[in-house]
Amino acid sequence: MRASLRRAERARTLRGLGLALPLILFTFVFFLLPIAGMLVKSVQNGPMPDILPQTSALLQPWRATEPRTLPDEAVFAAFAEELRTAARNRTLPELASRLNFENAGYRSLLMATARRLPETPAGSWRDTLVGLNPQWGEVAIWAALGRASPRLTEGYLLAALDHRRDDNDNVQPIDPSRAVYVAALTRTLEISAIVTFLCLVLAYPLAYRLATLPESTANLLMILVLLPFWTSLLVRTASWLVILQREGPLNEALQWLGVIGQPLDLVFNRPGVLIAMTHVLLPFMVLPIYSVMKGIPPNYMRAATSLGAPFFTAFRRVYLPLSLPGVTAGCLLVFILSIGYYITPLLIGGPNDQMVSALIAFLTLQTLNWGLAAALGAVLLVITVALYLVYTRVVGTDGMKLG
Amino acid sequence: MGERIRAIVLWSFSALVLAFLVLPLLVILPISFSSASFLSLPIPGVSLRWYETLLTSPAWGRAILNSFIVGAIATVIAVTLGTLAALGLHRNAFRGKALLMGVLISPMIVPIVIVALGSYFFYAPLGLSSSLLGLGLAHAALGAPFVLVTVSATLTGFDPNFARAAASLGAAPLTAFRRVTLPIIAPGVISGALFAFVTSFDEVVVALFLTGPLQRTLPRQMFDGIRENISPTILAAATLLILFAAGLLLTAELLRRRSVRLRGIR
């Protein structure tokens, strides 16, 4: 009896999973696989092991030597041979692009050397190459080739955290003048924290007002919260560009009121980004706080005040703790959403307000440094997933309520 | 007395926040009817010239059409898969369910640029980059969690005895679903569909990564317009989109009320 009941239960579970299977498979193929592919890209080294297989193999034992001196003649000879093959097979530009990520001069060094490479060496290959360009007599270029030679690399992830391996393969922070990625990450977290705080300050009193109104009035006013929520992000960004510009309505109004003498600069800088992002994300703070507050029976506050507690004491000791789950949910949601923001800071911010997402897009679409873009994406993903885990722990996946 | 002051302060603050939410959308409406090409108030004269530019331009027309095609692909896939999954997972307890739900909902919170970058690498070898179908598939993955969430929420108020009653009266499972379950969860399905459609219709980052000049969508067109030179034509498009959003919002709100009524809550 119990066994058959359990069997029936199992069959029901499986039938249910069967219904969910299409979505599970679809999410796997069109969402998880692409992200996994990005993670793989962030540690994939590039084409050198395929284009220069022998050189790559010979450089491995050389990389273990300490201290580094120039590789021996066998490496030079293999390199010269394979360089010629690569030039003939037209795979050289691909390799040159990869090496250019190591040092911006290496593309032309490689291309020029391949063009002028003789059929047979004048003396040793080492002397021949050094004769073509003295850089071949330095450890730096061979260390760069060494770093490009394995199939996998942690180089992009290091670069995403503003570190690199030097000519002896020791991890070093990069030159401060070129360190941009950690700064962008910090800036992203900073902007997100400020936006979350501003949203909370604006949303909490509004949610309290709405939650303590009669249902019909609250529903009517809720439409005002939901309208921006349903309106295109680009529409809202365009509106803020118009409002905040020097001759825009805000500056005109403030000047007319005599608050300011000169128009304020509000676009293409940080205040503009903060204002617009707060506007865009505010509904995501109001909704969870409002839905928690609606579940708090008004009697609790009445009981506290009737027992003699002043309003603010009653509020602090009774209402605030009860509303905290909504506050946590809202803050986590707004923070998670804002660290991925791209469009609003890009269009309203200046060069010093760009967030990580914008850098990722720039590296992918403009400089075509996909490894580094993927590595930055991986860092951003790790931060988001960590916060999301906290969110599901605190709020649960059922807590994602809409409208 | 203290209570009165408190109420006044709370009301004024709430009114200011509501104004902050809505006024930015209203400010651009009059400017889109301006006869001049500069973007400030007050407007020198009323004219429909920017709407004319918008509606007669082949680029904008193409973009609007593309957006509707992509949105339709994404919505159909998201609604079908999301509704089935919600039905299958509702009142179904098994080990690892929380993890599965977490994964299925994660497209809502993973930064969009990561999805865009992943799809950029993943779609090219499949021949799906620079195609409306590819963009529609990526958007369907982003929209499906919304359908899952809204339909699950509707199911929470759904009394399974209705379906059991239908079955005991001799209805085949599919008939019981079509005649009893579906009408009751329909508001959830439709509002999920609205969310999925808006997610796609408003999405620009994946579109930036995956589309060529021929697959330009409306948000992409607006993005380029704002970036190059923001003109009243953009504001005319924005005005139409605000009206569109208001329409969607009203539909969703009516559905929510209908759902509350049908489920017999209150």
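Over residues 326-348 of chain A, the chain is 87% helix and 0% strand, and the end C-alpha atoms lie 30 Å apart. Helices (H or I, at least four residues) and strands (E, at least two) are DSSP runs, numbered from the N terminus. The model is predicted: local features need pLDDT of at least 70, side-chain atom pairs count only at pLDDT 80 or more, and totals for chains, interfaces and linings use all residues. Residues are numbered from 1 along each chain as its sequence is written, while chains are lettered from A and ligands numbered from 1 in the order in which they are written.

**Chain A: annotated segments**

- An unreviewed UniProt entry assigns "transmembrane region" to residues 20-40, 191-208, 220-243, 273-293, 326-348 and 368-391 of chain A.
- UniProt positions are given in the numbering used here, feature names are shortened, and annotations may be inferred rather than shown by experiment.
- Residues 220-243 of chain A are 92% helix and 0% strand, with end C-alpha atoms 26 Å apart.

**Chain B: overall build**

- Chain B contains eleven helices and zero strands.
- The C-alpha atoms of chain B fill a box of roughly 70 × 70 × 30 Å, taken along the principal axes.
- Of the 266 residues in chain B, 47% are buried, a term that requires 20 or more other C-beta atoms within 10 Å of the residue's own, with C-beta atoms placed from the backbone.

**Chain B: annotated segments**

- The feature "domain: ABC transmembrane type-1" is placed by UniProt (unreviewed entry) at residues 64-252 of chain B.
- Across residues 64-252 of chain B, the chain is 80% helix and 0% strand, and the end C-alpha atoms are 22 Å apart.
- UniProt (unreviewed entry) also lists "transmembrane region" at several stretches of chain B, among them residues 184-210 and 230-255.
- Residues 184-210 of chain B are 89% helix and 0% strand, and their end C-alpha atoms are 38 Å apart.
- Residues 230-255 of chain B are 92% helix and 0% strand, with end C-alpha atoms 36 Å apart.

**Where the chains meet**

- The contact takes 80 residues from chain B and 73 residues from chain A; two residues are in contact if their C-beta atoms, placed from the backbone, lie within 7 Å.
- On the side of chain B that touches chain A, α1(B) gives the most, with 15 residues.
- By class, this side of chain B has 65 nonpolar, ten polar and five charged residues.
- Ala, Val, Leu, Ile, Met, Phe, Trp, Tyr, Cys and Pro count as nonpolar, Asp, Glu, Lys and Arg as charged, and the others, Gly among them, as polar.

Notes. A residue is buried if 20 or more other C-beta atoms lie within 10 Å of its own, exposed if 12 or fewer, and partly exposed in between; C-beta atoms are placed from the backbone.
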